[in-house]
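This briefing concerns a ligand site and a domain arrangement. Please consult the sequence and the structure below while reading the points that follow.

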Amino acid sequence: MGGPAPEEPPAYVHGRVPEELPAYVYDLAELDAHVSAVREALGDVELHYAVKANPDPHLLRVLARHVDGFEVASAGELAHVRGLFPDMPVALGGPGKTDAELLSDVARLHVESPNELRRLLAAGRPADVLLRVNLDVPVEGASLAMGGGATPFGMDPDGVAECVAMLERQDAVRFRGVHAHLASGLDAPALLKLAAAVLEYARGLGVSEVNLGGGMAVSYADPAARFDWRAYGEGLASLRRPGEVLRIEPGRSLTVYCGRYVTRVIDVKRVHGELFAVVAGGTHHLRTPATKGHSQPVAPLPPGEPVTIVGQLCTPKDVLARNVPVALSPGDVVEFTMAGAYAWNISHHDFLMHPAPGFHYLPDGAAG
Ligand SMILES: *Cc1c(COP(=O)(O)O)cnc(C)c1O
């Protein structure tokens, strides 16, 4: 785990390292090419981007060229996206919506509970809703499970039935279909199995629009491994019946690869036999390894004795990667890859009041 990624170091390592480190470096050309390939593999399936994975405007501008819309999970994300792209379709989801969120003007509202629907109906205003279902299906192999058992996300089929009955008695709120984001970290065959179950369920309710959520697998242990978008797109095409609208809303699998957290070694030391490299910054900039419990992958460096790479925070939890077999000395630049999603934006930035990292965007040709 955490060994060097099997890829060439980017050109900027040689003479173009940002002067001020730590820094996030986003490769917008990589993002553009990746999302364009995903878009193509999906055929007729609609693609939304889950903004919570990384709401950086530079990334959203590249994504906006390829996606059909954005999925947001709060009024804050909604205002952010609307400010950048006033005309892009937006779907609003998430448990615990405030009244302001519930009554916001969006293309699709993902209803999470019978009480939420009651509040929406009481407001007496039109809306287009998908009912978020938590189906009782196995989600083995998932890194996070939002469904397939008791969780606070969406409704079980009884809750959905309660909502359907409420929707039948009125016509202001239109029942467009079903939403299901059941697990994250699944590969294409596992996600297709879930998709088949969700589609069958939606057909039973007589609706033809289905949002299958996100959660496409990303491997921090094997950065070269990629979700098989072609197999997924082909699988969905064979599941889809004429007239049905399928939509997905990935986050991590779209933006994770385009970002790097670049920093410099401050100190190297051996303590009770174990070798540590202390780098500028830490998990207050890149919290991902702490939350996921993994070693953040490191771009290629000369081989050496396994070293644990830690940040500047005074806590034993400030570990970025363990036992990385690379040679490090004070002053060396270390690049953590796969830092484009759930990285800076989920980190506790102000802990210990260290300075913020810089932000650099490698241009993508199309950008002015
Ligand atoms: C977080 C989330 C997503 C995106 O999940 P990823 O694992 O980043 O692809 C999509 N839909 C919903 C409802 C979510 O909560």
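The centres of domain 1 and domain 2, taken over C-alpha atoms, are separated by 32 Å. To the contact between them, domain 1 contributes 22 residues and domain 2 contributes 17 residues, contact meaning heavy atoms within 4.5 Å. The model is predicted, with local features requiring pLDDT of at least 70 and side-chain atom pairs counting only at pLDDT 80 or more, while totals for chains, interfaces and linings use all residues. Residues are numbered from 1 along each chain as its sequence is written, and side-chain values use heavy atoms, without hydrogens and water.

**Domains**
- Domain 1 covers 28-255 and domain 2 covers 257-362, with bounds drawn from an automatic or database domain assignment.

**Ligand shell**
- The ligand is surrounded by 14 residues, each having a heavy atom within 4 Å of it.
- K52, G215, E249, R252 and Y342 are the closest of these residues.
- By class, the shell holds three nonpolar, six polar and five charged residues; in this scheme Asp, Glu, Lys and Arg are charged, Ala, Val, Leu, Ile, Met, Phe, Trp, Tyr, Cys and Pro are nonpolar, and the others, Gly among them, are polar.

- A polar side-chain atom of Y342 is 2.6 Å from a ligand oxygen atom.
- On the backbone, a polar atom of G215 lies 2.8 Å from an oxygen atom of the ligand, and an N or O atom of G251 lies 2.9 Å from a ligand oxygen atom.
- The protein buries 89% of the 390 Å² that the ligand exposes when taken alone, by the Shrake-Rupley method with a 1.4 Å probe.

Definitions and conventions:
A polar contact is a pair of N or O atoms within 3.5 Å; within protein, one must be able to donate a hydrogen and the other to accept it, and residues adjacent in sequence count only if both atoms are side-chain atoms.
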